[in-house]
Amino acid sequence: MSGTENLPITDLGTLKALAHPLRMQLYRGLCVARTATASQLAEQVDEAVSLVSYHLRKLAEHGLIEAAEPQSGDARERWWQPSSQGVSIRDKDFRDAPERASAHLAATRLFHEQRADMYRRYLDERPTWGPEWNTAAPDNESLLRLTSAELAELGEELLALARKYDEKGRAAEAAGATEGRENVALHVYGFPFRT
């Protein structure tokens with residue numbers, strides 16, 4: 001990965017490129033794998049390699065992914081990697097026009113639907129994970145009384161804490177501590193509501 005920070009997405013074209021169901025799956029799969037070929041990703045998403053290659057090129061055109069160093073001796077294989085640690089898509093960057101606001105809302109709904117699908121899959125597969133993973137997996141709801149500034153501060157602190165654990169896990173894995181290590185999704189939502 002060439003970057004270690006999240007890539008801020010502020011233009012409509014890049015948002016629309018990522019807010020495609022298959023492209024988002026491929027982007028997420030590439031973030032997990034760190035490097036992969038179109039063939040490897042096609043197997044994960046059960047799609048044709050040619051279709052996956054097309055969508056990877058679209059992601060690359062928008063700077064979301066980039067070519068990676070080959071991981072094998074096969075010169076025909078093209079390897080890809082995310083161009084940054086992740087992406088950052090903020091509501092404030094898309095409020096200035098109805099079309100931009102609408103596209104942001106549609107993208108946000110897609111991302112949340114895919115995250116919910118990931119969690120439903122975990123619930124369906126829960127018996128296969130064993131008691132240690134099921135006990136460790138948090139499932140919390142907190143109903144708080146906050147100002148918008150306090151909610152923003154809480155969000156930043158939670159993000160910093162997640163980054164701390166990500167760095168800790170990656171460092172341990174790089175040092176050879178791979179036993180018992182799995183991919184973990186952490187989804188955090190904070191939003192106002194009225195009763």
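Visitor: Why does R34 count as partly exposed?

Guide: R34 has 34% relative accessibility. Buried means under 20% relative accessible area, exposed means over 50%, and partly exposed lies in between, with a 1.4 Å probe and protein chains only. R34 therefore counts as partly exposed. This is a predicted model, where local features need pLDDT of at least 70, side-chain atom pairs count only at pLDDT 80 or more, and totals for chains, interfaces and linings use all residues. Residues are numbered from 1 along each chain as its sequence is written, and side-chain values use heavy atoms, with hydrogens and water left out.

Visitor: Where is R34 found, and what is its phi?

Guide: R34 sits in the loop between helix 2 and strand 2. Its phi is near 75 degrees, a positive value in a residue other than glycine. Helices (H or I, at least four residues) and strands (E, at least two) are DSSP runs, numbered from the N terminus.

Visitor: What makes D46 exposed?

Guide: D46 has 69% relative accessibility, so D46 counts as exposed. Its place is the loop between helix 3 (38-45) and helix 4 (49-61). Phi of D46 is near 55 degrees, also a positive value in a residue other than glycine.

Visitor: How do you know that strand 2 pairs with strand 4?

Guide: Two strands pair if DSSP finds at least two bridges between them. Two bridges join strand 2 to strand 4 (residues 79-82), and these strands run antiparallel. A36 has W80 as its bridge partner, and T37 has W79.

Visitor: What joins strand 3 to strand 4?

Guide: Three bridges, in the antiparallel sense. E66 has Q81 of strand 4 as its bridge partner.

Visitor: What makes strand 2 and strand 3 edge strands?

Guide: The open sheet has three strands in the order 2-4-3, with antiparallel pairing. Strand 2 (36-37) and strand 3 (65-67) each pair on one side only.

Visitor: Which strands does helix 2 lie across?

Guide: Helix 2 (residues 21-33) lies across strand 2, strand 3 and strand 4. It runs at about 90 degrees to strand 4. Axes are lines fitted to C-alpha atoms, for helices over the stretch in contact (heavy atoms within 4.5 Å). Angles run from 0 to 180 degrees between N-to-C directions.

Visitor: Which way do the side chains of strand 4 and strand 5 point?

Guide: In a regular strand the side chains alternate between the two faces of the sheet. From strand 4, W79 and Q81 point one way and W80 and P82 the other, and all are buried. Along strand 5 (residues 86-89), G86 and S88 point to one face and are buried.

Visitor: How many bridges join strand 1 to strand 5?

Guide: Four bridges join strand 1 (residues 6-9) to strand 5, and the two run parallel. I9 stands opposite I89.
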